Amino acid sequence: PVSPGVLPLCCRLPVWHRLPRPPPGLPLAPSRPFSNNKIQVELDESSGVATMKFKSPPVNSLSLDFLTEFCISLEKLENDRACRGVIITSAIPKIFSSGLDIMEMCGKSTEHYAEFWRAVQEMWLRLYSSTMVTLAAVNGSSPAGGCLIALSCDYRIMAENPKFSIGLNEAQLGIVAPFWFKDQFVSVVGHRIAERSLQLGSLYPAPEALRIGLVDELVPEEKLLEKAAAVMAQWLALPDHSRQLTKAMVRKALLDRLLTHREEDIKNFVSFVSKESIQKSLRTYMEMLKKRKS
């Protein structure tokens, strides 16, 4: 649980809310790491690029705490005039993010489910609408919500390791990816691949993810951050205003669709996840994970 008031304040902010940046010519404030308990953030003022590393062992699951800290970190970078781009990666070997924390969706109150789902929405709205260049350096497996984070970035580079997989595999857990997950997936890989993948809950090994366009590039694991920095420099060579306006134009329809149906989406999630059949599926999945660990 987070301290009272922290998440609601974060989540009430409009998606396009941005604090004004200082006018050009004013000296930049010294850079400070924005790190917190679950996310490590370092900003290089010389390049204008921040690196955000997930560090929530064992698998960077998207808990309520994690989502809150993610939103806070992203907003701090968004409001820092020195920052123009962010590289999102993991500090934990072999895993980018395992996706939504099952513990947040099992055996809790309806109020908790609603708070959790609003935080998931807020994470996506902030990342997908970010005015910064956002680049995912996927250095491990990235199912479900982890895949959504990568999909929401402007560019995706994945470690060239066939043991690493990525995809929206909700169907395997007995749950359904919401419409805005689906919209995001369709916009990247196309309707037919998305339809088949979502029904089967498919996870794609890195080479296959590249083939279907789920990621933009594969590089050797040890060169991932180096390549990410090079790609980021190419994007930042463009004028910010033209890139930002183009991004806003292209992404507006998907953002507006969730914003218009946000409360309905929360109600649908709470109703769905509260069903005993879904709770049973989630409990079964957690038991399976426990057996794997033991």
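A salt bridge is a side-chain nitrogen of Lys or Arg within 4 Å of a carboxyl oxygen of Asp or Glu. I start with that term, then go to the model.

**Entry 1: the model**

I note that this is a predicted model, where local features need pLDDT of at least 70, side-chain atom pairs count only at pLDDT 80 or more, and totals for chains, interfaces and linings use all residues. Residues are numbered from 1 along each chain as its sequence is written, and side-chain values use heavy atoms, with hydrogens and water left out.

I looked up pLDDT, the predictor's confidence in each residue, from 0 to 100. The protein averages 88. A score of at least 70 is reached by 87% of the residues. Residues 1-31 have a pLDDT below 50. Beyond near neighbours in sequence, that stretch still has 55 contacts in the model. A contact means heavy atoms within 4.5 Å. Where pLDDT is low, the predicted coordinates should not be read in detail.

**Entry 2: salt bridges**

Side chains of opposite charge can pair when their charged atoms come close. How many salt bridges does a search of the whole structure find? I get 14.

I took Arg118 and Glu263 to begin with. Their closest N and O atoms are 2.6 Å apart. Arg118 sits in helix 3 (residues 110-128) and Glu263 in helix 10 (residues 262-273). The two are 145 residues apart, and the pair links distant parts of the chain. I checked what a helix is here: a DSSP run of H or I, at least four residues, while a strand is a run of E, at least two, and both are numbered from the N terminus.

Next came accessibility. Buried means under 20% relative accessible area, exposed means over 50%, and partly exposed is in between (1.4 Å probe, protein chains only). Arg118 is partly exposed because its relative accessible area is 25%. Glu263 is partly exposed too, at 43%.

Then I looked at Asp183 and Arg257. This salt bridge has its closest N and O atoms 2.6 Å apart. It runs from Asp183 in helix 5 (residues 179-189) to Arg257 in helix 9 (residues 240-260), 74 residues apart. Are the two partners buried or exposed? Asp183 is buried, with a relative accessible area of 11%. Arg257 is partly exposed, at 36%.

**Entry 3: Glu217**

The side chains of Glu217 and Lys227 meet in a salt bridge at 3.2 Å, N to O. Glu217 lies in strand 12 (residues 217-219) and Lys227 in helix 8 (residues 224-236), so the pair ties together parts that are 10 residues apart in sequence. Glu217 counts as buried because its relative accessibility is 18%. Lys227, at 29%, counts as partly exposed.

Which side chain makes a polar contact with Glu217 at 2.7 Å? It is that of Tyr155. A polar contact is a pair of N or O atoms within 3.5 Å; within protein, one must be able to donate a hydrogen and the other to accept it, and residues adjacent in sequence count only if both atoms are side-chain atoms. Leaving out residues up to four places away in sequence, Glu217 touches several others, including Arg156, Met158 and Val231.

**Entry 4: the largest pocket**

Its volume is about 930 Å³. The lining has 32 residues. Nearest the centre lie Val59, Ser98, Ile102, Tyr285 and Leu289. Helix 11 gives the most to the lining, with seven residues.

I wrote down the method. On a 1 Å grid over the protein atoms alone, a pocket is an open set of points where a 1.4 Å probe fits, with protein on both sides within 12 Å along at least five of seven lines; lining residues have an atom within 4 Å of a point. Grid points are joined across faces, edges and corners, and a volume is the space filled by probe spheres set on the points.

The peptide bond from Pro57 to Pro58 is cis, with omega near 5°. Pro58 lies in the loop between strand 2 (49-54) and strand 3 (61-62). Asn60 lies in the loop between strand 2 and strand 3. Asn60 has a positive phi, near 55°, and is not a glycine. At 0% relative accessibility, Asn60 is buried.

Lys94 also has a positive phi, about 75°, although it is not a glycine. I found Lys94 in strand 5 (residues 94-95). Lys94 counts as exposed because its relative accessibility is 62%.
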